[in-house]
Amino acid sequence: MLQRYLDFNATCPPLRVALDAAEQVATQAPGNPSSLHWAGRAARRYVDDARDKLAAYLGAESGSVVFTSGASESNNIAIHSVLSASEPGAIVTTAIEHPAVLKPLERFSTDTAKAQGWSVTQVRPEASGVVSAEHMIAAIHEDTRLVCMMLANNESGAVQPVQQVADYCREHGIRMLVDAVQGLGKKALSFKSLGVDFMSLSAHKIGGPKGVGLLLVRRGVKLLELTPGGGQERGRRSGTENVPGIAGFAAALGEVDFESFAVIRDRFEKELSERLPLASIIAKDVERTPNTSLVMLPGMDGETLLMQLDLAGFAVASGSACASGKLDPSHVLMAMGLSEQMARSSIRVSFGPGNSEDDAIALVDALVTVFQRLKQMAGMAV
Ligand SMILES: Cc1ncc(COP(=O)(O)O)c(C=O)c1O
């Protein structure tokens, strides 16, 4: 059976160029980058070169780059750095953030935290999947300590108006974190032009190794060392750097042309709408990341669909990728105002390197087959 991978928003399997770079560094510069001798200096050079390349690509200063184990850690560092140094106050975020933002913020919405003066406002998106900049700004007040907003949603692909919110936060001296994980390689990014305090990124979404990411930090903004130790990353994130992973991250930069997958995605959506007219595409009318299609199939259970598609060789996601395997309905779709049942009837398809229109058509064929089978099993006319 042909296996087709269509879950690139969950992870983009490592590119050859990234694996080669990681292997080369692991074998040729096996020293500890903190060591002062020749072996350490060789490893340090790879880390510094990668830092410079990433910073240039992201429109940031090299000194802004703090390497981490991934965007989850980056988000946690940013959130706790700001909030541990602030008087209790308000936090404003969106209801469609990744759990890597929503979960760390839960600590500030417990009864104890509320009694101390903390509050967390989750601004809901419009039915289109976009959180309005006006609604975000209206939720920000003088006592707001931190604003967290993602650049693009991992489920729907909907691009969020971060620039407008960033402009407002900068004018009012309010700290802002942008989780840009799903935008990397898909949208032009400039940390300096955006003008926020923090930006989180992850290597494995662009074909780099897993377990490597970075946090961009605006000059002068202090970080809390979440895991105190040897003082690496200029005392901002302790722990020996993942040198091969970092080199692999830099090597993967700009290697995947995500824009080119829009043709495949659009073909998939056109074919699907013709052959399964009950299917609806979420966030279709707004700017989306070019490889992403979130499809709702009313009356079908997303988990069942996913399992049936899996048996037919297709790797797609239901609801949040990081939550796949979990039965919770998508919090993103629920926040967009869909019922729990509707929110359970979605699958996310995300295209990437190696995919072709043939994969898109094969997936539509499989969806039609699975749909008819499940309908028949339910004793309904197709
Ligand atoms: C929007 C977003 N933020 C954060 C993460 C977490 O990234 P990492 O796997 O590097 O911790 C993901 C991964 O799915 C994501 O899509």
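Is threonine 68 buried or exposed? Keep in mind that you are looking at a predicted model. Threonine 68 has a relative accessibility of 5%, and because buried means under 20% relative accessible area, threonine 68 counts as buried.

Now let's see what surrounds this residue. Threonine 68 belongs to strand S2, which covers residues 65-68. Its side chain is joined to the side chain of serine 74 by a polar contact of 2.9 Å. Setting aside neighbours within four places in sequence, the contacts of threonine 68 include Glu73, Ser74 and Ile77. Gly211, Val212, Gly213, Leu214 and Leu215 are also among them, as is Arg237.

Next, the aromatic rings. How many aromatic pairs does the structure hold? There are four. Tyrosine 5 is partly exposed, at 27% relative accessible area, whereas phenylalanine 8 is buried at 4% relative accessibility.

Phenylalanine 258 and phenylalanine 261 make another pair: their ring centres are 6.0 Å apart and their planes stand at 75 degrees, so this pair is edge-to-face. Why does that angle decide the matter? Planes over 60 degrees apart count as edge-to-face. Phenylalanine 258 is buried, with a relative accessible area of 1%, and phenylalanine 261 also counts as buried, at 8% relative accessibility.

Stay with phenylalanine 258 for one last stop: lysine 186 lies over the face of its ring, at 5.0 Å from the ring centre.

Key
Residues numbered from 1 in each chain as written. Predicted model: local features only at pLDDT ≥ 70, side-chain atom pairs only at ≥ 80, totals over all residues. Heavy atoms only, no water. Helix = DSSP H or I, 4+ residues; strand = E, 2+ residues; numbered from the N terminus. Buried < 20%, exposed > 50% of the residue type's maximum accessible area, 1.4 Å probe, protein only. Polar contact = N/O pair within 3.5 Å; in protein donor to acceptor, adjacent residues only side chain to side chain. Contact = heavy atoms within 4.5 Å. Phe/Tyr/Trp six-rings, centres within 6.5 Å; stacked < 30°, edge-to-face > 60°. Lys NZ or Arg CZ within 6 Å of the ring centre and 35° of its normal.
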